[in-house]
Amino acid sequence: AVLPALRRVTAVTMQSAQLRTEARQGSFEVYGLDFVLDQSLRPWLIEVNESPNLSAHGSPMKQEIMATMLESLVKLLVDGEDSVSATSTAARAPGG
């Protein structure tokens, strides 16, 4: 239940900023969203970073997360949305 909640908060956050964001053809932005989870595993958005630190310093878990995220970003840019959906599903599967 945590991942769907994170996705909902992320979608609402990005939608709320669309009116204040200038569309630029042929470019994209990467944002960093910082969350905390309460005792009920409910996510709370702490902040949105316009220029997040994409290095994997300090944590093997962060290194794995960043590698997967950057790989998905490249697939999205090169192959389109369908390739990222397939990758995300495989990554969530046991042993994936």
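The side chains of Glu-71 and Lys-75 form a salt bridge, with an N to O distance of 3.4 Å; the term denotes a side-chain nitrogen of Lys or Arg within 4 Å of a carboxyl oxygen of Asp or Glu. The structure is a predicted model, in which local features need pLDDT of at least 70 and side-chain atom pairs count only at pLDDT 80 or more, while totals for chains, interfaces and linings use all residues. Residues are numbered from 1 along each chain as its sequence is written, and side-chain values use heavy atoms, with hydrogens and water left out.

Glu-71 and Lys-75 lie four residues apart in helix H2, and are therefore separated by about one helical turn. Helices (H or I, at least four residues) and strands (E, at least two) are DSSP runs numbered from the N terminus. Glu-71 is partly exposed at 44% relative accessibility, as is Lys-75 with a relative accessible area of 27%. Here buried means under 20% relative accessible area, exposed over 50%, and partly exposed in between (1.4 Å probe, protein chains only). The count of salt bridges comes to two. The other pair is Glu-29 and Arg-24, whose closest N and O atoms are 2.8 Å apart. Glu-29 is partly exposed, at 38%, and Arg-24 is likewise partly exposed, at 46%.

Helix H2 spans residues 60-79 and also contains Val-74. Val-74 is partly exposed, with a relative accessible area of 48%. Together with Phe-28, Leu-77 and Val-78, Val-74 forms a nonpolar surface patch of about 400 Å² of accessible area. Patches consist of residues with over 30% relative accessible area and no salt bridge, like charges being joined within 9 Å and nonpolar side chains (Val, Leu, Ile, Met, Phe, Trp, Tyr) within 5 Å. Accessible areas come from the Shrake-Rupley method with a 1.4 Å probe, and for residues only the protein chains shown count as cover.

Strands S1 (residues 32-37) and S2 (residues 43-49) pair in the antiparallel sense over six bridges; pairing requires at least two DSSP bridges between two strands. Phe-35 stands opposite Leu-45 in S2. The two strands form a hairpin with five residues between them, and Leu-41 in the turn has a positive phi of about 65 degrees.

Overall, the protein comprises three helices and two strands, in the order α-β-β-α-α from the N terminus. Of its 96 residues, 9% count as buried. The accessible surface comes to about 7,700 Å², with 57% belonging to carbon and sulfur atoms. Among contacts (heavy atoms within 4.5 Å) between residues at least 6 apart in sequence, 25% join residues at least 24 apart.
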